[in-house]
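Subject: Structure for you to look at

Hello,

Here is the structure I promised to pass on. Please open it and keep it beside you while you read my notes.

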Amino acid sequence: MDLETGSHKNQLKKQSWKAVLTLAYQSLGVVYGDLSTSPLYVFKSTFAEDIKHSETNEEIFGALSFIFWTLTLVPLLKYVFIVLKADDNGEGGTFALYSLLCRHARVSSLPNCQLVDEELSTYKKETPSPIALTSFGSRLKSTLEKHRVLQRFLLVLALVGACMVIGDGVLTPALSVFSAVSGVELQLAKEHHKYVEVPVACVILIALFALQHFGTHRVGHLFAPVVILWLFCISSIGLYNIIHWNPHIYKALSPVYMYKFLKKTQTGGWKSLGGILLCITGSEAMFADLGHFSQLSIQIAFTSFVYPSLILAYMGQAAYLSQHHVIENDYQIGFYISVPKSLRVPVLLIAILAAVVGSQAIITGTFSIIKQCSSLGCFPRVKIVHTSSKYHGQIYIPEINWILMLLCLAVTIGFRDTKRMGNASGLAVITVMLVTTCLMSLVIVLCWHKSVFLAIAFVVFFGTIEALYFSASLIKFLEGAWVPIALSLIFMLVMYIWHYGTRKKYEFDDQNKVSVDWLLSLGPTLGIVRVRGIGLVHTELVSGIPAIFSHFVTNLPAFHQVLIFLCVKSVPIPHVSHEERFLVGHIGPREYRVYRCIVRYGYRDIHKDDVEFEKDLVCSIAEFIRTQNDTSTHNGNSVNSKPSSDDEVMTVVGTPSTHPEGIQMCTDRQDGSEGPEVQEIRTTSTNQVKKRVRFVVPESPKIDDGSRAELRDLMEAREAGVAYILGHSYVKAKQGSGLIKKIAINLGYEFLRRNSRPSTDSLTVPHASTLEVGMVYHV
């Protein structure tokens with residue numbers, strides 16, 4: 001599978017039932033690892049302290065009824081049948097919903113958006129029959145677009161969901177692995193197991209994070225069999241317990257037992273809902289990992305195998321506990337109590353493997369959400385390593401990996417019990433679900449164009465259920481629930497400071513940009529000369545010339561014979577195809593040989609780290625030169641777009657890899673042979689060089705003399721080498737700014753900027769020399 005063809009994957013997946021069933025099988029190991037391990041700790045967390053297991057069995061029957069209906073209403077009804085349909089061109093997750101809203105209402109926080117971006121083929125989701133917005137939807141859209149406060153609130157809401165996912169990436173591995181290892185308590189003498197659980201769990205966690213840099217594709221083929229074996233194991237044990245201990249346990253699925261449960265336990269029962277909530281941990285992964293699979297494959301896997309296996313597992317535990325009111329040796333109610341003694345050791349080993357698989361899935365999901373945040377300018381730039389050349393989305397972020405490991409070990413060593421870990425994990429999970437519910441209500445109105453009453457019904461029904469669990473988790477603030485809140489506040493502060501500083505820096509650049517005419521008018525005064533080669537100026541601006549370059553020219557009055565202002569930016573869609581990647585235009589008259597090239601990426605796209613980028617860049621400009629005067633014919637890869645400013649008209653140009661009928665660049669030796677059926681433009685320099693650059697130009701249409709001269713200049717410049725001009729900015733708050741702004745900009749943003757990757761880190765462009773220009777930004 002090509003890494004860059006994510007936007008077309010779903011169409012390929014629907015070709016046959018064999019492909020769908022294969023994806024359903026693969027999804028078991030990636031999507032359901034966390035959800036499938038929840039039986040390890042749900043009953044143990046529920047009965048940890050707030051309620052007791054009495055002779056009447058009302059507590060255990062009520063807990064089972066809550067578990068059954070929670071699994072049925074939230075993962076099955078909400079996610080499988082409703083939320084999965086709100087995909088963003090095949091992608092899912094909190095940021096996918098936010099991106100979808102940004103394209104249907106102008107609420108995007110990206111400062112460098114252009115009207116031409118809306119012409120991208122995947123910008124608008126295709127619908128069978130376009131339906132006009134309802135009157136309420138139109139008013140809601142207008143209100144969101146007018147009020148900046150509402151736009152910021154929407155961004156903060158999406159960031160809260162992202163931060164809670166990151167918090168879950170810390171808590172879920174700790175909870176899953178520790179709960180699996182806790183099975184040793186039944187094999188060791190009382191109190192001795194405490195000296196084994198924590199060290200073993202820590203060793204497993206360290207090994208898990210240490211192996212992340214190898215990538216999940218190396219062991220990914222083992223994930224699905226492990227989860228299948230685990231689900232088969234717990235469902236078989238559950239079925240055995242039902243038949244052997246209480247065949248009538250199915251009666252406890254009645255909602256009546258939920259009422260009896262709350263009536264008897266009252267406040268204690270309400271608090272215990274924080275433990276019952278853990279039965280749906282990992283449900284969000286069905287939506288977040290949608291981009292790796294398909295909607296149908298995830299639905300088939302959950303409804304046909306995962307859901308019935310979990311129900312049987314919980315029913316089996318309840319059936320066993322209904323006949324065992326006094327647990328021997330005073331052990332707490334847990335999963336391993338209901339496992340037959342002869343099977344406890346092999347089940348323990350399988351549980352540890354399943355916990356590792358579940359932890360791997362949430363860690364990968366955390367990497368993915370951080371990459372999305374970074375792409376949309378909401379997280380400091382980090383090093384992203386793509387661990388697989390075949391499977392899309394498998395990434396590794398070294399800095400985040402080790403931070404997660406340290407936090408995970410701190411949680412494991414600090415808490416040392418599933419009760420407080422469960423309280424922390426439950427709050428993180430339910431917060432993400434509440435954010436999804438809120439964003440989905442807006443999607444129903446603005447994107448699906450449905451009635452506002454449908455959106456209200458969705459929020460009221462699912463929001464009430466989730467608010468109940470949220471309140472039960474929040475009341476455990478001092479008993480562990482403070483951890484995800486603290487982690488989220490830290491990550492939220494980092495994200496918002498970075499986003500705020502980045503936006504202010506862009507606004508400064510935009511307000512202080514200069515025109516090419518002003519710049520070249522200084523030529524006679526400053527004695528500006530044009531030197532051989534290509535000057536590649538990296539800028540965040542999509543129009544005008546950045547102030548940092550004018551600062552460079554006034555201090556060093558010379559620049560290259562061909563000047564390219566390169567802007568690498570993200571757009572709020574998951575993927576941008578190769579055919580629409582480059583946006584090229586002239587800055588000023590064509591004889592100036594000054595170009596702007598905007599390279600567009602989606603938030604799930606891979607910023608390729610290879611030496612071919614410079615070749616693609618030069619060829620895209622050459623193709624633009626060839627087609628700029630050909631107004632009568634246009635192909636699919638070269639379409640005139642709307643102007644980005646008064647003096648610039650940008651053109652979409654395909655890359656050589658996807659546009660074979662366009663200009664190709666070859667580098668050969670002086671004595672190389674030439675093909676007879678193509679036009680060629682070669683340099684005329686007499687300098688002795690080992691290699692020469694030539695453009696292979698299609699025979700039709702013929703290019704005019706002006707374009708031929710322009711291509712020759714570009715080729716000579718490319719042969720002379722490329723100099724990369726980088727801006728090294730120091731951002732300071734203006735005089736008279738408030739204390740909070742000074743702290744945010746002078747301390748917070750500057751610290752993050754110094755410790756993050758440079759904006760050009762993802763592009764290892766081979767260049768003859770690098771020039772860094774320093775400048776202070778007062779924002």
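This is a predicted model: local features need pLDDT of at least 70, side-chain atom pairs count only at pLDDT 80 or more; totals for chains, interfaces and linings use all residues.

Start with the whole chain. It has 25 helices and 13 strands. Of its 779 residues, 58% are buried. The accessible surface comes to about 31,600 Å². Carbon and sulfur atoms hold 61% of that surface. Now take the contacts with a separation of 6 or more. Residues 24 or more positions apart account for 82% of them.

Next, two loop residues. Find arginine 593 in the loop between β5 (582–586) and β6 (594–602). Its phi is near 60 degrees. That is a positive value, and the residue is not glycine. Is arginine 593 buried or exposed? Buried means under 20% relative accessible area. Arginine 593 has 13% relative accessibility, so it counts as buried.

Then go to glutamine 266. This residue sits in the loop between α11 (256–265) and α12 (267–276). Phi of glutamine 266 is near 55 degrees, again positive in a residue other than glycine. The cut-off for exposed is over 50%. Glutamine 266 is at 55% relative accessibility, so it counts as exposed.

Now look at serine 45. You will find it in helix α4, residues 42–46. Its relative accessible area is 9%, so serine 45 is buried. What does its side chain reach? The serine 45 side chain comes to 2.9 Å from the backbone oxygen of tyrosine 41. Set aside the neighbours within four places in sequence. Serine 45 is then in contact with Gly275, Leu278 and Thr418.

Last, a pair of helices. Helix α7 covers residues 135–146, and helix α8 covers residues 148–181. Their axes come within 5 Å. At what angle do the axes cross? The answer is roughly 95 degrees. Angles of 65 to 115 degrees count as roughly perpendicular, so α7 is roughly perpendicular to α8. On the α7 side, the contact is made by Thr143, Leu144, Glu145 and Lys146. On the α8 side, Arg148, Leu150 and Gln151 take part. By class, this contact has 2 nonpolar, 2 polar and 3 charged residues.

Best wishes

Definitions and conventions. Residues are numbered from 1 along each chain as its sequence is written. Side-chain values use heavy atoms; hydrogens and water are left out. Helices (H or I, at least four residues) and strands (E, at least two) are DSSP runs, numbered from the N terminus. Buried means under 20% relative accessible area, exposed over 50%, partly exposed in between (1.4 Å probe, protein chains only). A polar contact is a pair of N or O atoms within 3.5 Å; within protein, one must be able to donate a hydrogen and the other to accept it, and residues adjacent in sequence count only if both atoms are side-chain atoms. Contact means heavy atoms within 4.5 Å. Axes are lines fitted to C-alpha atoms, for helices over the stretch in contact, and angles run from 0 to 180 degrees between N-to-C directions. Angles under 35 degrees count as roughly parallel, over 145 as roughly antiparallel, 65 to 115 as roughly perpendicular and the rest as oblique. Ala, Val, Leu, Ile, Met, Phe, Trp, Tyr, Cys and Pro count as nonpolar, Asp, Glu, Lys and Arg as charged, and the others, Gly among them, as polar. Accessible areas come from the Shrake-Rupley method with a 1.4 Å probe; for residues, only the protein chains shown count as cover.
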